[in-house]
Structure formats: C-alpha cells, structure tokens
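Me: I should like to learn how to read a structural model feature by feature. Could we work through one together?

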Amino acid sequence: MQIRATGLLAALALSMAVTGCTTPKATLPPGTTAFRTGFSEGCDDGYSVGGSPFYEKQDQASPESSDKEYLKGWHQGFHRCKGNYDRFQSTVYAILGPSL
C-alpha cells in the first residue's frame, strides 16, 4: 500500500510539473510566427488564470495585440492550456478529495 501511495504522489508531482510549464517552442502548433507567439502567450495566460502555482495569479486575461493571426493563436493557446490545467485539478481533487 505504501508503494502505491508513493507512486501515485510521484505521478501527480510529475504531472503537475509538466502541466505548469510553458509550451516549448518546438511543440507549438504549425502556423505563422504571429499565431505561434499568440498561442504561447495565450497558453501562459491560461495557466495563470487557471491557478497554476508556476504563474502569477490572474483573474482574467486578454490578448495584447490586434493582429488576427496572433489573436487566433492566443485564443487557442489560452483555451487549450486552461482546459488542461482545469482537468488536472479535477483529477487531483477526485483522487485526493476535498482535503486539499
């Protein structure tokens, strides 16, 4: 039982570390430079709004450009990363319960 709990905690710690990191440039979706920049910045904002401890907490975020490609990337990055973090939080809550 102790080994299972230790393995579970290690898996959660690894998942949290990966979830809390910014999107590496090599893994960004294909697109223009503006789209990829927007995606990366939107992803960071998504984690921040989601409550990741690796980012300064924000209640809301908005894109910093009016370029259509940047905005498209920002919105996709924001929703993908915030959604990923929200699912991670739900999983942790489901496994460890409300005592967090």
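Reply: Let us begin with contacts along the chain. In this predicted model, residues 24 or more positions apart account for 60% of the contacts in the protein chain with a separation of 6 or more.

Me: Which elements does the protein chain contain, and in what order do they run from the N terminus?

Reply: The protein chain has three helices and zero strands, and the order from the N terminus is α-α-α.

Me: How should confidence be read here, and which element of the protein chain has the lowest mean pLDDT?

Reply: Where pLDDT is low, the predicted coordinates should not be read in detail. For the protein chain the mean pLDDT is 81, with 72% of the residues at 70 or more. Helix 1, residues 2–19, has the lowest mean among the elements, 51, whereas helix 2 has the highest, 95. Over residues 16–20 pLDDT stays under 50, and the model has 11 contacts beyond four places in sequence for that stretch.

Me: What share of the 100 residues in the protein chain is buried?

Reply: A residue counts as buried under 20% relative accessible area and as exposed over 50%. Buried residues make up 30% of the 100 in the protein chain. The protein chain exposes about 6500 Å², of which carbon and sulfur atoms supply 59%.

Me: Is P30 buried or exposed?

Reply: P30 counts as exposed because its relative accessibility is 73%, and the cut-off for that class is over 50%. Its place is the loop between helix 1 and helix 2. Beyond its neighbours within four places in sequence, P30 is in contact with F35 and R36.

Me: How does one check the length of a helix, taking helix 3 as the case?

Reply: The expected span is 1.5 Å times one less than the number of residues. Helix 3 has 29 residues and should therefore span 42 Å, in agreement with the 42 Å between its end C-alpha atoms. For helix 2, with 18 residues, the first and last C-alpha atoms are 25 Å apart, close to the 26 Å expected.

Me: What is found at the start of helix 3, and what phi does G97 take just after this helix?

Reply: At the start, a side-chain oxygen of D67 comes to within 3.0 Å of the backbone nitrogen of E69. Just after helix 3, G97 takes a positive phi of about 85°. Helix 2 is likewise followed by a glycine with positive phi, G51, near 105°.

Me: Which residues of helix 2 are buried?

Reply: The buried residues of helix 2 are F35, G38, F39, S40, G42, C43, D45, G46, Y47, S48 and V49. S40 is buried because its relative accessible area is 6%.

Me: Which residues of helix 3 are buried?

Reply: The buried residues of helix 3 are Y70, G73, W74, G77, F78, C81, G83, Y85, F88 and V92.

Definitions and conventions:
Residues are numbered from 1 along each chain as its sequence is written. This is a predicted model: local features need pLDDT of at least 70, side-chain atom pairs count only at pLDDT 80 or more; totals for chains, interfaces and linings use all residues. Side-chain values use heavy atoms; hydrogens and water are left out. pLDDT is the predictor's confidence in each residue, from 0 to 100. Helices (H or I, at least four residues) and strands (E, at least two) are DSSP runs, numbered from the N terminus. Contact means heavy atoms within 4.5 Å. Buried means under 20% relative accessible area, exposed over 50%, partly exposed in between (1.4 Å probe, protein chains only). A polar contact is a pair of N or O atoms within 3.5 Å; within protein, one must be able to donate a hydrogen and the other to accept it, and residues adjacent in sequence count only if both atoms are side-chain atoms. Accessible areas come from the Shrake-Rupley method with a 1.4 Å probe; for residues, only the protein chains shown count as cover.
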